[in-house]
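Me: I've got a model open and want to go through it with you. Can you take my questions as they come?

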Amino acid sequence: MSSPLSLTKDVETGRPGFDVPAKRKVEPVMNEIREVIERKAALLETGDVKAVLSHYADTFVEYSLAPPLRQPGDGRDPAVLAAWVATFQAPPRREVTQLEITADGDVAFATSIDCLSATPRGSNESFSLWFRVTLGLRRIDGRWLVTHEHESVPFEMDGSFRASVTLLP
């Protein structure tokens with residue numbers, strides 16, 4: 001007979017989470033995933049794109065803020081990320097806030113509200129942009145890796161369809 005299931009509360013939010021065996025420890029898994037997400041954000045500021053990509057699967061799906069609508073990602077090729085980082089005077093800073101993680105087995109997803117701050121090359125004006133992030137992660141060979149990344153900003157529903165880039169959390 002299998003062990004009884006109990007509704008476990010999310011370690012961070014205290015809200016009801018998913019059904020897991022009562023004795024299973026959720027916190028270490030959540031901490032591992034949180035470390036991956038926060039580490040890749042911190043690495044961006046160093047400009048070490050290979051280190052950032054080490055937190056992604058070899059192939060991943062990316063829906064970023066920039067066109068096109070869908071970008072197939074290649075975790076082995078730093079060229080695209082390096083070219084983007086080069087558009088700034090210094091590597092951008094990414095702050096992860098309001099991070100919520102759900103995990104079961106070798107699959108997890110996370111949502112957050114992130115802030116990207118940078119100064120575009122050739123400009124004296126820096127910017128900060130708050131945006132929504134959803135990540136899909138898989139545990140592959142014992143490591144949590146990003147397999148899906150979706151970033152977005154809301155748009156104005158007044159008919160202008162302008163991106164709402166001035167929102168704050």
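Me: Serine 164 first. Is serine 164 buried or exposed?
Reply: Serine 164 is buried, with a relative accessible area of 6%. Keep in mind that this is a predicted model.

Me: Where does serine 164 lie?
Reply: In the segment after β8.

Me: And what is serine 164 in contact with, leaving aside neighbours within four places in sequence?
Reply: Val153, Pro154, Phe155 and Glu156.

Me: Take methionine 157. Buried or exposed?
Reply: Methionine 157 counts as exposed, because its relative accessibility is 69% and the cut-off for exposed is over 50%. Its place is in the segment after β8.

Me: What about phenylalanine 161, buried or exposed?
Reply: Exposed, at 59% relative accessibility. Phenylalanine 161 lies in the segment after β8.

Me: What is its phi?
Reply: Phenylalanine 161 has a positive phi of about 60 degrees, although it is not a glycine.

Me: Why flag that?
Reply: Because most residues other than glycine have a negative phi.

Me: Peptide bonds now. Which two prolines does a cis peptide bond join?
Reply: Proline 67 and proline 68, with omega at about 0 degrees. Proline 68 is found in the loop between β3 and β4. Most peptide bonds are trans.

Me: Let's step back. How many helices and strands are there?
Reply: Three helices and eight strands. Along the sequence the pattern reads β-β-α-α-β-β-α-β-β-β-β.

Me: What is the strand order in the open sheet?
Reply: Six strands, in the order β4-β3-β8-β7-β6-β5, with mixed pairing.

Me: Which strands stand at the edges?
Reply: β4 (71-74) and β5 (93-104). Each has a single partner strand, so one side of each is left without a neighbour in the sheet.

Me: What's the twist?
Reply: It averages 20 degrees from one strand to the next.

Me: In which sense do β3 and β4 pair?
Reply: Antiparallel, over four bridges, with β3 spanning residues 56-63. Glutamate 62 has glutamine 71 in β4 as its bridge partner.

Me: Which helix packs on the sheet?
Reply: Helix α1, residues 27-46. It touches β3, β5, β6 (107-118), β7 (127-140) and β8. The direction of α1 makes about 160 degrees with that of β5.

Me: Give me a residue in helix α1. Where is isoleucine 33 found, for instance?
Reply: Isoleucine 33 is found in α1. It is buried, with a relative accessible area of 0%.

Me: Which residues is isoleucine 33 in contact with, beyond four places in sequence?
Reply: Ile101, Ala103, Ala108, Leu137 and Trp144.

Me: Pick alanine 103. How far apart are isoleucine 33 and alanine 103?
Reply: 70 residues in sequence, and 8.9 Å in space, C-alpha to C-alpha.

Me: On to β8. Is leucine 145 buried or exposed?
Reply: Leucine 145 is buried, because its relative accessible area is 8% and buried means under 20%. Leucine 145 lies in β8, which covers residues 143-152.

Me: What does leucine 145 contact, again skipping neighbours within four places in sequence?
Reply: Ser54, His55, Tyr56, Ala57, Gly136, Leu137, Arg138 and Ile140.

Me: How far apart are leucine 145 and alanine 57?
Reply: They are 88 residues apart in sequence and 5.4 Å apart in space, C-alpha to C-alpha.

Me: Now the whole protein. Of contacts between residues at least 6 apart in sequence, what percentage join residues at least 24 apart?
Reply: 45%.

Me: What share of the residues is buried?
Reply: 35% of the 169 residues.

Conventions. Residues numbered from 1 in each chain as written. Predicted model: local features only at pLDDT ≥ 70, side-chain atom pairs only at ≥ 80, totals over all residues. Heavy atoms only, no water. Helix = DSSP H or I, 4+ residues; strand = E, 2+ residues; numbered from the N terminus. Buried < 20%, exposed > 50% of the residue type's maximum accessible area, 1.4 Å probe, protein only. Contact = heavy atoms within 4.5 Å. Pairing = 2+ DSSP bridges. Axes fitted to C-alpha atoms, helices over the stretch in contact; angles between N-to-C directions.
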